Amino acid sequence: MENMFSNESRQFKFDVLVALCRAAIKGEVNEDEIQAYAHNLVSLSSPRMRCCVYKEREVLRQRVRLAMGKDACEGSEHEPTQIVQVIDAACDGCTIKKIRVTDNCRKCMAKSCMAACRFGAMHMGTYHSEIDYSKCKECGACARACPYNAIVVTERPCYAHCPVQAIGWDENGLCQIDEKKCINCGQCENACPFGAIEDKSEVLPVMNDIREGKKVYAIVAPSIQGQFENASLAQVMKSVEMIGFAECVEVAAGADLVAQTEYKELKEHKEAGVPLTTSCCPAFVNMLKIHFPQQYEKNKSTTLSPMLALAKKLKHDDPNCVVTFVGPCIAKKSEVMGSDLCDYAVTYEELAAMFIAKGISPADVEVGPLEKYASNYGRNFAYSGGVAAAVTQAAKEAGDTETYKAVIANGGFECKKQLLLMKVGRFQGDILEGMNCEGGCIAGPACITDAMTVKGRMAKENIQTDKKSIEQSVELYNLKDFDIEIKKDAE
């Protein structure tokens, strides 16, 4: 499991996490030792991915800082909740210029590119047309006009994948994140082929709390099924407890309660003629809050997310416990920072690093069937469309024959589109399910297995479970009538 990624930048990140976890198991972590380990990953004789060994070591140094929960660059000023950050030493591989002339240019007599440019940026050079970048406005008119498709428009992957246009560049062409716009979704991180954008980790304080003997619960997202090779959910949950967690609990149980509560809220919203937006995806909620504040106040569900709903129940039953969410989501880290119900959020990458550090192979762990488990409706919160389906099921179980029209916003750009329609009064539905990752949480930026494989494994495992209703799940986990509504004065 140690060589998990074909993406070498992601593998380097993972290697650092494993070293950090191994050090945390032994005792107090010495940053110098972890830096030395990262230094040894890149020797003078190792293959070059960047221009020189010294640059690679600087990139790894910044990775270590992020892995330890620090900002990538010393002296940088970030909002405390800004999880996604740029490793500036790694951000110089992309083309700096958006518009470029290729060798396909035939230096034709039509000179369509020159005619199309309204800024005088195009001229004929010795061998092909050339661009004066001091005049170029990157409008793309030249590229559209060229009959040979000799001029290309290349968006940087980080910019192209950001649904809220939070990506920009400084005077040196290095990526910058506008923290006032950023929703910490991690799409830019996932898209960057150079590993120049990463997220801060909370794995160190989690490991420290476990080592110190605190009662630390792990609550695992539904999409954990199928992440670890052929390990069943029962094997994965037992493996999590073997790390040192007091107990591992399915967040799907919280999702069942959320489905019931959001159904009641949906019924009220429909009677009032006001569409409802779901609370499940933190990146979607961040988009609402930052970019659509009116819809955040008017349309957002006041139900806690499944993570916070379950964490609240655990804290209610044991006020001194520590709750750690485990999932595929980077934005969950910012959600945790904004709440006192859940203490930490770690990703599947970080969980895998813990497994390796402890010598645990989930597929080899001996277990029996789960004695206590959530409904498949709660588990299906992992898929795009699963939240709306669960809310609809909750309505059926309540005996409600009303028809509720759900609109599924699959991916950040579709979320933005539907929220814009809602803003101008043209939204065509009663409830908007927003998932920032295309496909849902099974395609989260910190997943370690591809989405389709996970979906297939989940479906195969869940078909073997009984047809438990949402109501039965809520009763099983003693969540009946437990209040998970966000009070307005508490926001």
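A cavity here is a set of points, on a 1 Å grid over the protein atoms alone, where a 1.4 Å probe fits but cannot get out. Grid points are joined across faces, edges and corners, and a volume is the space filled by probe spheres set on the points. The model is predicted: local features need pLDDT of at least 70, side-chain atom pairs count only at pLDDT 80 or more, and totals for chains, interfaces and linings use all residues. Residues are numbered from 1 along each chain as its sequence is written, and side-chain values use heavy atoms, with hydrogens and water left out.

By the cavity rule there are 7 cavities of 30 Å³ or more, and the largest cavity holds about 270 Å³ of space. Its lining (residues with an atom within 4 Å of a point) consists of 27 residues, with Cys-280, Pro-282, Cys-329, Lys-332 and Cys-441 nearest the centre. Helices α10 (251-272), α11 (282-291), α13 (306-317) and α14 (331-337) each supply at least two residues of this lining. By class, the lining of the largest cavity has 21 nonpolar, 5 polar and 1 charged residues. In this scheme Ala, Val, Leu, Ile, Met, Phe, Trp, Tyr, Cys and Pro count as nonpolar, Asp, Glu, Lys and Arg as charged, and the others, Gly among them, as polar.

A pocket, by contrast, is an open set of points with protein on both sides within 12 Å along at least five of seven lines. The largest pocket has a volume of about 870 Å³, and α11, α13 and α14 are the elements that give two or more residues to its lining. That lining counts 31 residues, of which Lys-289, Tyr-296, Glu-335, Gly-338 and Ser-339 lie nearest the centre of the pocket. The largest share, 5 residues, comes from α11. The lining of the largest pocket divides into 11 nonpolar, 10 polar and 10 charged residues.

The protein chain as a whole has 20 helices and 15 strands, where helices (H or I, at least four residues) and strands (E, at least two) are DSSP runs numbered from the N terminus. Its radius of gyration is 25 Å, close to the 23 Å that the globule rule gives for 491 residues, so the chain is as compact as a globular protein of that length. The radius is taken over C-alpha atoms, and the rule is 2.2 Å times the number of residues to the power 0.38. Along the principal axes, the C-alpha atoms fill a box of roughly 75 × 60 × 40 Å. Of the 491 residues, 56% count as buried, meaning under 20% relative accessible area with a 1.4 Å probe and protein chains only. Among contacts (heavy atoms within 4.5 Å) between residues at least 6 apart in sequence, 72% join residues at least 24 apart.

Since 12 of its 15 residues are buried, α3 is largely enclosed by the rest of the structure. The buried residues of α3 pack against α1 (8-26), α2 (31-41), β1 (84-86), β8 (197-199) and α8 (203-211). After α3 comes Gly-69, whose phi is positive, near 85°.

Val-391 is found in helix α17 (residues 386-397) and is buried, with a relative accessible area of 2%. Not counting residues up to four places away in sequence, Val-391 touches Ala-259, Glu-262, Tyr-263, Leu-266 and Ile-431.

How values were computed: Buried means under 20% relative accessible area, exposed over 50%, partly exposed in between (1.4 Å probe, protein chains only).
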